[in-house]
Amino acid sequence: MNINSVLFVGVGGDGIITASNVVAYACMFAGFDVKKSEIHGMSQRGGSVSASVRYGDKVYSPTDKIGSVRFMLATEKVEMLRWAQYLNKNSVVVVNDRIVPIIGQTIEEDKIDEMVENIGVEKLIKRRFVDDANNLGNSRLSNTIMLGLLSNFMDIDEKYFVDAIDQILPDKLRTINQTAFSYGSRLSEEYA
Amino acid sequence: MGLKIIKKILSGNQAISIGAYKGNARFGSGYPGTPSSEILEHFKNYPNVTAQWAPNEKAGFEAALGASIAGTRSFATMKHVGLNVAADPLMTSSYTGVNASFVVVTADDPGMHSSQNEQDNRRYAKFAKVPLIEPSDPFEAMAFMQYAFIVSEKFDTPVIVRSTTRISHSLGVVQFDPRTLDNEQNLKLQKDFRKYVMIPANAISRHKVVLDRLEKLRVFTNETPINKVEKGKTSFGIITSSMAYNYVKELLPDAHVFKVGFSYPMPVEKIREFISKLDRIVVVEELEPFMEEELKIAGLNVEGKKYFPYDGEFNLDIVEEGLKKAGLIKEKTTKVVFSELKLPKRPPALCPGCPHRPIFDILHSLGKDIFITGDIGCYTLGCLPPLSAMHTTVCMGASISMGVGASKAQSEQKVVAVIGDSTFFHTGIQPLIDAYVNNANMTIIILDNRITAMTGGQPDPGSGFTLKNKQVKPIRIYDLVKSIGIERVYEIDQYNYENTKKLLKDEINKPGLSVIIPTRPCVLAPRKIKDTPLVVVSDKCVDCKRCLRIACPAIDFKNNKAIINEMLCTGCEVCMHVCPVEGAIIKKEEK
Ligand SMILES: Cc1ncc(C[n+]2csc(CCOP(=O)(O)OP(=O)(O)O)c2C)c(N)n1
Ligand code: SF4
Ligand code: SF4
């Protein structure tokens, strides 16, 4: 049974649910069976959030096994590390180079960066996607740019992502997100 | 009309509401609770349906039962602990039976993602002697929900459909024909004294009807297609249901599997036949050994909880571990490449600007001689450090009543009960009456943010609008409390920190009963509230860290100076009030 999965991790309010829905629809349009899990218990209050999209010919479990996740999209560095045990040597990780502070704790960014860089997966792309998003005129586009980049490593044709963005996002956000997606997709040349 | 199949990715909860509509339910009621809340939130969008929030699960359950007796197919939704609140009508509605179909949806929470316990509500089906249906994914959630409406009328019984967090909040591909069942019978309101009035004389004969119905269900459960064998190649067999089924199928694609969808009463005869050709049978089920016990009572030779945990949520790794213990797989395929890293936890926190924050900061600062009985809602986060101002949380509504007991049992500690508005309407009113008639010496704080915030912002009777977004006159808690006869009742704007602190201090120290109602609304729902943010004047910050003690996510410390994230700050000014230095925290434009 060949199942691939994309794990989305971050902090409440990061837009992980929307990003994972886009991927779920892209996989379905590409003809795969899809299961997705999301946990939003206390996420609204700034806790950790994760969502997982699993696709293949037939998918039963909506959640992943430790060491089995092929693709990860992390909107924040501490959360990426928190879920590291789900990765393996073949994983592709796209992580937004930022840290969301935790109340009452001081996080040493150098140490976190060191841990991120030493992770040892096949491909680690750490970048300030927030800057890219601001260049495109909206700081909330980071996730879509990251998706565009990640999509190049997945066995799902770009056209299905385009359709999925149209399906998921409200009218007024469609065009700008399509732009952000192809911007991200083109970034992959830098990381080939 | 031509057949048009719809293909969508749906959550379990969306699917349940579609199943209800396709099963011709036209009345839905319930009380919010994670992970069940979205079912009615989707159902309300259908044309010609009544969908409404009740003040608690008992009221929601009974409203749906009333609709059923009046001839309309109905259902009630709630989280697992909600069925405790509705247990009274559940037990006796089994005796009355239904007129039009009536389905009870309970969404359990193995793993306690957002709950105070992880009780397994399958036990309720056996307790009440009603059928239990358990889907395992969104497609089944839709199909089985629709099916439940057929079973309910066929056997004249309420039917329990049990979901779990992982089913309700997982998404899957669902293909369906949007048309509804064509078995509607145009039922009329039914007046039947012997069936619906449970005085002892009638209940005695109805209990016999229940037992008779149970015998018929014991036959039916062996015939229904939702209890089925999936043939494999192994010498052993697995019996499983609900989410656990998915883990088994993925880990043991070649095994013989008996998938149970109708799990009370258990399909004992069909399983007896399944077992007869196999060497060994292992039951894989999350939480309680519910199926295992039923099968063992029937004298079947099965194993189960010997290998699997009784607590927590299952996942592929846990089920694989259990299957290995049972000797059904040789080697675990899990390869731990990266071990778990030591990282700071990210606990949930009250939102920046949350109106609950100043109350807990004040209670904390009033000292150690106060015993604070708490309740359930966003404000339960007031128990965590650094606010640390809540000493009990048991179930909804318990704050006031436990405070009554604590105030009678001792007099060294002053007693303060803290409860939210939705929780007050849910089960806080009778405890308030208890406090009044039994003359409790305590202060009750009703945090009136005018919304059920914790579960995603559903309206409550004080909100002024309904589930279907209709404007209504809100109930003012102040008037309700006053009408009981309690004299010392105050409404207060808690962003006015000093006044609030003085009022709380005075009232807590005075003997007798008083009720304080802070009235600032939630900053997240029904609409986001964001005022001009505040800034820290760096030169004036003396590094005392007082502002950190209010646990606002907008405040951070860098290089021994406080900084405020202006994107997050809502401008509530609470940090400014607690800061000991005049002018160190100011409104942004004044800089
Ligand atoms: C019997 C029961 N039903 C539902 C829930 C889920 N639940 C937890 S707190 C809560 C209500 C919170 O609203 P409120 O008291 O107004 O506090 P807020 O979250 O707005 O601060 C609900 C519905 C529960 N824990 N127990
Ligand atoms: S959702 Fe509302 S009540 Fe809950 S923490 Fe945020 S502001 Fe407070
Ligand atoms: S004013 Fe202070 S306490 Fe209120 S949200 Fe802003 S930083 Fe937080």
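Modeller: B:Ser68 lies in helix α3 (residues 57–69) of chain B. Helices (H or I, at least four residues) and strands (E, at least two) are DSSP runs, numbered from the N terminus. This is a predicted model, in which local features need pLDDT of at least 70 and side-chain atom pairs count only at pLDDT 80 or more, while totals for chains, interfaces and linings use all residues. Residues are numbered from 1 along each chain as its sequence is written, chains are lettered from A and ligands numbered from 1 in the order in which they are written, and side-chain values use heavy atoms, with hydrogens and water left out.

B:Ser68 has a relative accessible area of 0%, so it is buried (under 20% relative accessible area; exposed is over 50% and partly exposed in between, with a 1.4 Å probe and protein chains only). Apart from neighbours within four places in sequence, B:Ser68 is in contact (heavy atoms within 4.5 Å) with residues including B:Ser74, B:Val98 and B:Phe102.

Strand β4 (residues 74–79) of chain B pairs with β5(B) in the parallel sense over six bridges; two strands pair if DSSP finds at least two bridges between them. Here B:Met78 has B:Thr106 as its bridge partner. Strand β7 (residues 159–164) of chain B also runs parallel to β5(B), joined by six bridges, and B:Asp108 is partnered by B:Thr164.

Next comes the contact with the other chain. In chain B, 53 residues are in contact with 52 residues of chain A. The two chains bury about 4600 Å² between them, 63% of it on carbon and sulfur atoms; buried area is the accessible area (1.4 Å probe) that two parts lose on being put together, summed over both. On the side of chain B, B:Ile9, B:Phe338 and B:Arg346 lose the most area to chain A, together 20% of what that side buries.

B:Arg346 also forms a salt bridge with A:Glu79 (2.6 Å, N to O), that is, a side-chain nitrogen of Lys or Arg within 4 Å of a carboxyl oxygen of Asp or Glu. Between chain B and chain A the count is five salt bridges.
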